[in-house]
Amino acid sequence: MINIKLGQLKRSLGKIDKIADKLKKDKKVLFLKWSIFGFKDIQQHFKDQSGSKGKWKPLSPITIERRRKGKGKGSAQILQDTGSLRNSLRPGIGLKDFQRDRIILFTSIKYAKKHDEGLRGMPKREFMWLSKDAKNKIAKQTIEFIRPWR
């Protein structure tokens, strides 16, 4: 048998209402923090050259041969010959995104999806994912955000 006193229930519902009101009013701040954690995490995937299941497949000899040569030559790092893909990543921080209760991290580079998902003969080199560490930071930030209103 479960015994709940009406006074306890009302207090609990009042706290939940306070948290909900705070989230409605200030969710943009929280979403911005989430998008920053996500953005930094994805940038780290390029530094680590790794996807959610481990290190990216090494470059093929043909790809290495095609890399830019001479002055201003490209990077030896995977997916970073010129840095265009890595530097194109942006957190989505527009009102429309916040009104839909979501954040987005995106790139406008057309070939990004081919690399991220391994399409059209490309090896899969996933970079658009969140690490366990980033998810934990987001969870911790969320708890810290709502803690004062409990």
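1. Buried means under 20% relative accessible area, exposed over 50%, and partly exposed in between, with a 1.4 Å probe and protein chains only. By that cut-off Leu79 is buried, with a relative accessible area of 12%. Leu79 lies in the loop between helix 2 and helix 3, where helices (H or I, at least four residues) and strands (E, at least two) are DSSP runs, numbered from the N terminus. Its phi is near 65°, a positive value in a residue other than glycine. Most residues other than glycine have a negative phi.

2. On the basis of the note: this is a predicted model, in which local features need pLDDT of at least 70 and side-chain atom pairs count only at pLDDT 80 or more, while totals for chains, interfaces and linings use all residues. Residues are numbered from 1 along each chain as its sequence is written, and side-chain values use heavy atoms, with hydrogens and water left out.

3. Overall architecture. The chain has six helices and four strands, in the order α-β-β-α-α-β-α-β-α-α from the N terminus. Of its 150 residues, 28% count as buried. The accessible surface (Shrake-Rupley method, 1.4 Å probe; for residues, only the protein chains shown count as cover) comes to about 11,000 Å², and 56% of this belongs to carbon and sulfur atoms. Contact means heavy atoms within 4.5 Å; among contacts between residues at least 6 apart in sequence, 58% join residues at least 24 apart.

4. Gln49 is a second residue to check for its backbone. Its phi is near 55°, again positive in a residue other than glycine. Gln49 sits in the loop between helix 1 (6–48) and strand 1 (50–51). Setting aside residues up to four places away in sequence, Gln49 touches Lys55, Trp56, Gln77, Ile78 and Gln80. Its C-alpha is 8.3 Å from that of Arg125, 76 residues away along the chain.

5. The largest nonpolar core has 10 residues: Ile42, Phe46, Trp56, Leu59, Ile78, Leu79, Leu85, Leu89, Ala112 and Phe127. A nonpolar core is a set of buried Ala, Val, Leu, Ile, Met, Phe, Trp, Tyr and Cys residues joined through side-chain atoms within 4.5 Å.

6. Leu89, one of these core residues, lies in the loop between helix 3 and strand 3 (90–92). Leu89 is buried, with a relative accessible area of 3%. Beyond four places in sequence, its contacts are Phe39, Ile42, Gln43, Phe46, Phe106, Thr107, Phe127 and Met128. Leu89 and Ser108, 19 residues apart in sequence, are 7.7 Å apart in space, C-alpha to C-alpha.

7. The largest pocket holds about 490 Å³ of space. Of the 20 residues that line this pocket, the closest to its centre are Leu59, Thr63, Arg67, His115 and Met122. Helix 2 (61–66) and helix 3 (84–88) are the elements that give two or more residues to the lining. A pocket here is an open set of points on a 1 Å grid over the protein atoms alone where a 1.4 Å probe fits, with protein on both sides within 12 Å along at least five of seven lines; lining residues have an atom within 4 Å of a point. Grid points are joined across faces, edges and corners, and the volume is the space filled by probe spheres set on the points.
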